[in-house]
Amino acid sequence: MATEATGGGLEFHPMDQFVVSPLFGNGPVAWYTPTNVTLWLALTALASIALLVLGTRGRAIVPNRAQSVAEMAYGLVHKMIEDIAGKEGLRYFPYILTLFMFVVFANLLGLVPMAFTVTSHIAITGVLALAVFFGVTIIGFAKNGAHFLDLFWVRSAPLAVRPVLAVIEVISYFVRPLSLSIRLAGNMIAGHAVIKVFAGFAAIAAVAPIAIVAVVGMYAFEVLVAIVQAYVFTILTCVYLKDALHPSH
Amino acid sequence: MEGNIGELGQYIGVGLTAFGMGMAALGVGNVAGNFLAGALRNPSAAAGQTATLFIGMAFAEALGIFSFLVALLLMFAV
Amino acid sequence: MFSLLQEAATTAVETTEGAIVIDDATAHGADAAAHGVEGAGYATEAAGLPQLDITTFGNQIFWLVVTLVVLYLVLSRVALPRIASVLSDRQGAITGDLMAAEEFKLKAREAEAAYDKALADARAQAQTIVAQNRAQIQAQLDEAIAKADAEIAARTAESETRIRAVRASADVSARDVAQDVTAELVRTFGGQADDATVGAALDGRMKGAVQ
């Protein structure tokens with residue numbers, strides 16, 4: 001078994017940190033069982049609420065630290081939607097901000113030692129991506145009707161290549177939720193697994209200092225990746241939203 | 001030596017997917033380098049294009065992540 | 001946790017094998033074996049990538065949807081209106097402050113203009129006062145000069161009359177002296193000198209001299 005790759009007393013279990021297990025007892029995981037996923041989802045939601053609700057409690061004209069971070073997140077997402085999807089996109093601002101806050105806090109909380117990273121699970125990111133995909137498709141058809149299909153029929157191209165482009169466009173459209181979910185989950189899995197592997201090397205005294213330095217470096221890199229991936233997830237959502245609102249170009 | 005030929009192929013395949021990582025690194029580096037070259041020519045226009053930069057990097061990097069996914073599938077799911 | 005499951009699975013598989021080999025298993029043993037097979041299946045899936053363990057998907061999706069709905073409701077009902085109001089308040093405050101600053105600037109400009117005007121007025125007034133004074137002084141000066149001129153003229157005239165009188169009196173005296181002298185001379189030389197003849201001769205001689 002691959003996880004049992006033992007050699008010279010080294011034991012790597014880089015994937016064990018992703019196992020879903022019930023919080024109480026050892027029973028099977030039914031759909032309602034409170035698991036570690038539930039715990040960390042709840043913590044993610046609480047952290048987002050703490051920042052955006054408790055942080056802005058003062059409603060100060062001159063903000064304190066928490067309030068300015070909350071306003072920064074708000075301004076970042078607001079400006080992103082306005083720049084990419086236009087003014088009409090602001091109708092969906094609350095959901096996109098929810099997505100951003102959820103992803104960024106799930107990623108960052110996942111970096112707490114011994115934590116469980118909910119965004120490293122395909123099931124979670126898949127639901128997020130599919131929600132964006134179906135939401136955007138429904139918005140596209142509701143706003144533009146059949147004209148939404150202009151997205152696939154590139155009128156600026158010569159007639160002869162349009163069918164080929166249409167096939168490519170359709171494929172790329174349906175790959176979107178896949179790439180959106182795999183990108184996020186893959187980044188999280190990869191980063192955490194690499195940290196875990198380096199941490200495993202720390203068991204050998206000779207390479208332990210290098211391993212520890214590597215863990216610190218990877219950790220800093222992962223903090224960056226956590227934020228950048230949340231940003232990328234949100235920005236791609238905005239790009240898809242723009243396609244739904246203005247399909248013909 | 002022990003083990004079977006299937007496991008051997010599995011590990012070789014996993015190792016080969018590391019090439020995907022290198023290719024993605026080339027892609028991301030290309031995106032960032034070209035952005036920097038353009039930004040130095042016209043610094044005033046650079047600020048408005050950071051979103052495009054991130055989108056491009058995300059697309060380039062996604063394919064590297066796909067190779068990582070293939071590696072994981074080979075290691076654990078096959 | 002994970003290793004526990006695996007251990008359980010391994011034992012379960014062993015039990016199953018045992019059950020198959022040993023034919024005369026009791027009902028209880030068969031039950032245990034069946035349970036073991038189930039457990040083994042579960043554990044084998046868990047042994048792969050945890051992300052691909054389909055049995056946990058329902059759980060994750062359910063809790064994710066709950067979390068997202070709660071987060072969405074809280075953010076859209078409480079947080080976003082609050083932040084939006086704070087931002088618009090701040091924008092309002094900034095705009096208000098800017099307008100107040102503009103007003104103050106305008107006021108300052110007005111004050112400066114008023115100051116400039118006052119300064120110009122004061123300067124003009126000073127100029128008029130200076131001009132007035134100068135004119136007054138000039139008038140006084142002119143008057144004084146005129147007065148002095150008049151006085152000088154008067155004195156000159158007076159002096160001239162006196163000089164004329166003196167000269168006239170001097171002429172008369174000179175004529176008397178000349179008459180006396182002439183009469184004496186004529187007498188001395190033995191002539192007969194009456195006053196009228198001497199006077200006429202003197203007048204004739206003096207006509208050119210006195211003039």
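Which residues of α1(A) are buried? The tour reaches them at its second stop.

This is a predicted model, in which local features need pLDDT of at least 70 and side-chain atom pairs count only at pLDDT 80 or more, while totals for chains, interfaces and linings use all residues. Residues are numbered from 1 along each chain as its sequence is written, and chains are lettered from A and ligands numbered from 1 in the order in which they are written.

**Stop 1: chain A as a whole**

Select chain A. Its secondary structure comes to six helices and zero strands, and along the sequence the pattern is α-α-α-α-α-α. Helices (H or I, at least four residues) and strands (E, at least two) are DSSP runs, numbered from the N terminus. Taken along the principal axes, a box of roughly 65 × 55 × 40 Å holds the C-alpha atoms of chain A.

Colour the chain by pLDDT, the predictor's confidence in each residue, from 0 to 100. The mean for chain A is 88, and 95% of its residues reach 70 or more. Among the elements of the chain, α3(A) has the highest mean pLDDT (94) and α5(A) the lowest (90). Now pick residues 1–8 of chain A, where the pLDDT is below 50. Beyond near neighbours in sequence, this stretch has seven contacts in the model; two residues are in contact if their C-beta atoms, placed from the backbone, lie within 7 Å. Where pLDDT is low, the predicted coordinates should not be read in detail.

**Stop 2: helix α1 of chain A**

Select residues 36–54 of chain A, which form α1. At 1.5 Å a residue, the 19 residues of α1(A) should span 27 Å, and the end C-alpha atoms are 25 Å apart, which agrees. The expected span of a helix is 1.5 Å times one less than its number of residues.

The buried residues of α1(A) are A:Val37, A:Thr38, A:Trp40, A:Leu41, A:Thr44, A:Ala45, A:Ser48 and A:Leu52. A residue is buried if 20 or more other C-beta atoms lie within 10 Å of its own, exposed if 12 or fewer, and partly exposed in between, with C-beta atoms placed from the backbone. Show α2 and α3 of chain A and α3 of chain C next: these are included in what covers the buried residues of α1(A). In chain A overall, 37% of the 249 residues count as buried.

**Stop 3: the largest nonpolar core**

Select A:Val77, A:Ile96, A:Phe100 and A:Val103. These have the most contacts inside the largest nonpolar core, which has 76 residues. Such a core is a set of buried Ala, Val, Leu, Ile, Met, Phe, Trp, Tyr and Cys residues joined through C-beta atoms within 7 Å. Among the elements that each supply at least two residues of the core are α1 (36–54) and α6 (208–245) of chain A, α4 (50–77) of chain B and α3 (57–188) of chain C. The most comes from α3(A), with 12 residues.

Keep A:Ile96 in view. What does A:Ile96 contact, leaving aside its neighbours within four places in sequence? The partners are A:Val77, A:Ile81, A:Thr234, A:Thr237 and A:Cys238.

**Stop 4**

Show chains A and C together. The contact takes 43 residues from chain A and 37 residues from chain C. On the chain A side, α1, α2, α3, α4 and α5 each supply at least two residues, and the largest share, 10 residues, comes from α1(A). This side of chain A divides into 30 nonpolar, 10 polar and three charged residues. Ala, Val, Leu, Ile, Met, Phe, Trp, Tyr, Cys and Pro count as nonpolar, Asp, Glu, Lys and Arg as charged, and the others, Gly among them, as polar.

Then switch to chain B, where 11 residues are in contact with 15 residues of chain A. The side of chain B that touches chain A has 11 nonpolar, no polar and no charged residues.

**Stop 5: annotated stretches of chains B and C**

In an unreviewed entry, UniProt gives "transmembrane region" for residues 12–33 and 53–77 of chain B; such annotations may be inferred rather than shown by experiment. Residues 12–33 of chain B are 95% helix and 0% strand, with end C-alpha atoms 32 Å apart. For residues 53–77 of chain B the figures are 100% helix, 0% strand and 34 Å.

Last, select residues 61–80 of chain C, listed by UniProt as "transmembrane region" (unreviewed entry). This span is 100% helix and 0% strand, and its end C-alpha atoms lie 26 Å apart.
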